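Trainee: I would like to learn how to read the features of a fold from its coordinates. Can we go through one case step by step?

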Amino acid sequence: MIKVLFVCLGNICRSPMAEAMFREMVKENDLQGKITVDSAGIGHWHQGQPPHVGTQNILKDHVISTKGMTARQVKYEDWDEFDYIVAMDEQNMQDLTGIRKEFNNVRIQRLMDYVPNATKENVPDPYYTGNFQEVYDLVKAGCEHLLQQIKEDYNL
C-alpha cells in the first residue's frame, strides 16, 4: 500500500483540501486498494476539528466530501508509516525537518514541486488570505501531478 500524507500548518485548510481531493482522484482512478491518504498539521491548535468552512464549501462546490475528517498533528512516527509526506509550503518543510532530521524510505517535498513549470512554489494559506479558490486550483494541479508521479513510480 502506498501511503501519502499532506501537511500544512494547522490541518484545517490546505492539507485536508489536498487529502479530500487526492482521495477522490484515487477513487476515480480505481486505486483505492493501492493508495491511502491522510493529512496532518504542524501545530496542535485545531486537533479534532473539522476542516475550515472555506475548505468545506469549495470542496462541496466540486462534489468532494470532507465527511469524517478531523485535524491531527504530525507525529514522529509518520516518517516510518508514509511513503510520501507532502508539505504545502517552505515553512512546513522547515518545520518537518525540525521534527525529524533522519529518515529513510519517505519522500518529503512541497506539493508544488510536483508541478512542472509551476508559477508558485508554495500553496498560500487561505486561513490568512481568504482565497480558497486560488488554493483549490493550486492543490488540484499539485494532486494531479503527484498522482501521475506515483502511477509512474509504481507502474499503476
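Trainee: In which sense do strand 3 and strand 4 pair, and over how many bridges?

Mentor: Strands of a sheet pair through backbone hydrogen bonds, in either a parallel or an antiparallel arrangement. In this predicted model, strand 3 and strand 4 pair in the parallel sense, over four bridges.

Trainee: How many bridges join strand 1 to strand 2?

Mentor: Seven bridges join strand 1, residues 2–8, to strand 2, and the two run parallel. Here Val 4 is the residue to look at: Val 37 in strand 2 stands opposite Val 4.

Trainee: Which residues of strand 4 are on its covered face, and which on the uncovered one?

Mentor: Ile 108 and Arg 110 make up the covered face of strand 4, while Arg 107 and Gln 109 make up the uncovered one.

Trainee: Next, helix pairs. At what angle do helix 1 and helix 6 cross?

Mentor: For a helix pair, read the axis approach and the angle, then the handedness, then the residues in contact. The axes of helix 1 and helix 6 come within 9 Å and cross at roughly 45°. The two helices are therefore oblique to each other. Their crossing is right-handed. On the helix 1 side the contact is made by Arg 14, Met 17, Ala 18, Met 21, Phe 22, Met 25 and Val 26. On the helix 6 side, the residues include Phe 132, Val 139, Cys 143 and Ile 150. By class, the residues of the contact of helix 1 with helix 6 divide into 14 nonpolar, no polar and three charged.

Trainee: How do the axes of helix 1 and helix 2 cross?

Mentor: The axes of helix 1 and helix 2 (residues 53–61) come within 10 Å and cross at roughly 20°. Angles under 35 degrees count as roughly parallel, so helix 1 is roughly parallel to helix 2. The crossing of helix 1 and helix 2 is right-handed. Met 17, Ala 20 and Met 21 in helix 1 meet Thr 55, Ile 58 and Leu 59 in helix 2. The residues of this contact divide into five nonpolar, one polar and no charged.

Trainee: Is Ala 18 buried or exposed?

Mentor: Ala 18, in helix 1 (residues 14–28), counts as buried because its relative accessibility is 0%. Leaving out residues up to four places away in sequence, Ala 18 touches Phe 6, Met 88, Val 139 and Cys 143. Ala 18 and Leu 111 are 93 residues apart in sequence and 9.3 Å apart in space, C-alpha to C-alpha.

Trainee: What about the loop between strand 2 and helix 2: is His 46, which is found there, buried or exposed?

Mentor: His 46 is buried, with a relative accessible area of 15%. Apart from neighbours within four places in sequence, His 46 is in contact with Gly 10, Ile 12, Ala 71 and Tyr 127.

Trainee: And which residues is Gln 49 in contact with?

Mentor: Gln 49 lies in the loop between strand 2 and helix 2 and is partly exposed, with a relative accessible area of 34%. Aside from neighbours within four places in sequence, Gln 49 is in contact with Ile 12, Met 69, Thr 70 and Ala 71. Gln 49 and Gln 149 are 100 residues apart in sequence and 31 Å apart in space, C-alpha to C-alpha.

Key. Residues are numbered from 1 along each chain as its sequence is written. This is a predicted model: local features need pLDDT of at least 70, side-chain atom pairs count only at pLDDT 80 or more; totals for chains, interfaces and linings use all residues. Side-chain values use heavy atoms; hydrogens and water are left out. Two strands pair if DSSP finds at least two bridges between them. Buried means under 20% relative accessible area, exposed over 50%, partly exposed in between (1.4 Å probe, protein chains only). Contact means heavy atoms within 4.5 Å. Axes are lines fitted to C-alpha atoms, for helices over the stretch in contact, and angles run from 0 to 180 degrees between N-to-C directions. Angles under 35 degrees count as roughly parallel, over 145 as roughly antiparallel, 65 to 115 as roughly perpendicular and the rest as oblique. A crossing is left-handed if the near helix is turned anticlockwise from the far one by less than a right angle, and right-handed if clockwise. Ala, Val, Leu, Ile, Met, Phe, Trp, Tyr, Cys and Pro count as nonpolar, Asp, Glu, Lys and Arg as charged, and the others, Gly among them, as polar.
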